[in-house]
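Have the viewer open while you read.

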Amino acid sequence: MIAETTSQKAQAYYEQAEALYVSLYGPNFHHGYWPSPDDGTTYEQALENLTDQIINRVGAGARDRVLDVGCGIGGPAIRLARTTGAQVVGISNVATQIEQATASASAENMAEQVSFEQADALGLPFPDESFDAAIAIESLIHMDRDPALREVARVLRPGGVFTAADFCLNAPVTPARQQVLDRYRDLDTLSSFHLFDDFPPMLRRAGLEPLELLDASSHVEKSVKMWWERTEADLENLTNQYGEQELSDFIGLFDDVITHGGPEYLFFTARKPTSPRPPQNRP
Ligand code: SAH
């Protein structure tokens, strides 16, 4: 028997969960970002704000070619292209997402600047050093970080910048919270959780130099309540499309995350060095 890879599991998950995702997030399959927890920003605006946090950090411009690793149905890639003028290539391992993202780029007259392809992030179909910058919004959460980061480092040109939004843990967790995390991982086909402090060495192992790591948990934590409200508001439709059991699993998870806390949330930015590292064995 051939074991199912993490990528195949995530693929099957996203194929099945697409209706729920579109209902919860629209074209942005990620958390919202609020300037402060009691801020009045709407959910729709908060979803775009999170993309903007990534766009501002990656700092791409009109002459750049940018890779979006795990692009969902294309909301962030199209926004990045529109606001910076960059050429953007989005990849996802789910064919229906690529179809939807491509249709959205055409509908928004962005097809000349943004394209989408089905591909596995762990084996990118691009030559070495073929991108000026890269982003990954909540896609590394499904991947073994070491090989995924190595692939990003490979396709970046020297000096190229990579910004990601990822899950992490800030400290060893209580048993109650560990149960929630296990449930989250199973239900959302997540890969392992890593400590915040593990990220700098992880980035260096992949050949990337960390520039900034930021715990953004307090800015995104309102998202879970929003998922809850949206799911309740669209319950009948979602139950029909998705099935009662799956939906109640998700609602149970949202409740657990609100009560016990889910993973922490970080933004990190790293750069591929412009010259090889100096030899380490000098006295
Ligand atoms: N970045 C997008 C989507 C986030 S959802 C957004 O913010 O809207 C996570 C995405 O990662 C999905 O598109 C999923 O299909 C993709 N993904 C997960 N594992 C992948 C892999 N191994 N290769 C390519 N894409 C992957």
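**Notes on the ligand and the cavities**

1. Start with A121: one of its backbone N or O atoms lies 2.9 Å from a nitrogen atom of the ligand. A polar contact here means a pair of N or O atoms within 3.5 Å. Keep in mind that this is a predicted model, where local features need pLDDT of at least 70, side-chain atom pairs count only at pLDDT 80 or more, and totals for chains, interfaces and linings use all residues. Residues are numbered from 1 along each chain as its sequence is written, and side-chain values use heavy atoms, with hydrogens and water left out.

2. D120 puts a polar side-chain atom 3.0 Å from a ligand nitrogen, and a side-chain N or O atom of S92 is 3.3 Å from a ligand oxygen. On its own the ligand exposes 570 Å², and the protein buries 99% of that (Shrake-Rupley method, 1.4 Å probe).

3. How many cavities of 30 Å³ or more does a search of the whole structure find? The answer is two. A cavity is a set of points on a 1 Å grid over the protein atoms alone where a 1.4 Å probe fits but cannot get out, and lining residues have an atom within 4 Å of a point. Volumes are the space filled by probe spheres set on the points.

4. The largest cavity holds about 370 Å³ of space. Its lining has 28 residues, and Y14, G70, N93, S139 and H142 are the closest to its centre. The ligand takes up this space (to sit in a cavity, more than half of a molecule's atoms must lie within 2 Å of its grid points). Helix α1 gives the largest share of the lining, four residues. Helices are DSSP runs of H or I with at least four residues, and strands are E runs of at least two.

5. The second largest cavity has about 190 Å³ of space. Of its 22 lining residues, Y21, Y25, Y184, D188 and W227 lie nearest the centre. Elements giving two or more residues to this lining are α1, α9 (223-233) and α11 (244-260), with α1 supplying the largest share, six. The lining divides into 17 nonpolar, three polar and two charged residues.

Notes
A polar contact is a pair of N or O atoms within 3.5 Å; within protein, one must be able to donate a hydrogen and the other to accept it, and residues adjacent in sequence count only if both atoms are side-chain atoms. On a 1 Å grid over the protein atoms alone, a cavity is a set of points where a 1.4 Å probe fits but cannot get out, and a pocket is an open set with protein on both sides within 12 Å along at least five of seven lines; lining residues have an atom within 4 Å of a point. Ala, Val, Leu, Ile, Met, Phe, Trp, Tyr, Cys and Pro count as nonpolar, Asp, Glu, Lys and Arg as charged, and the others, Gly among them, as polar.
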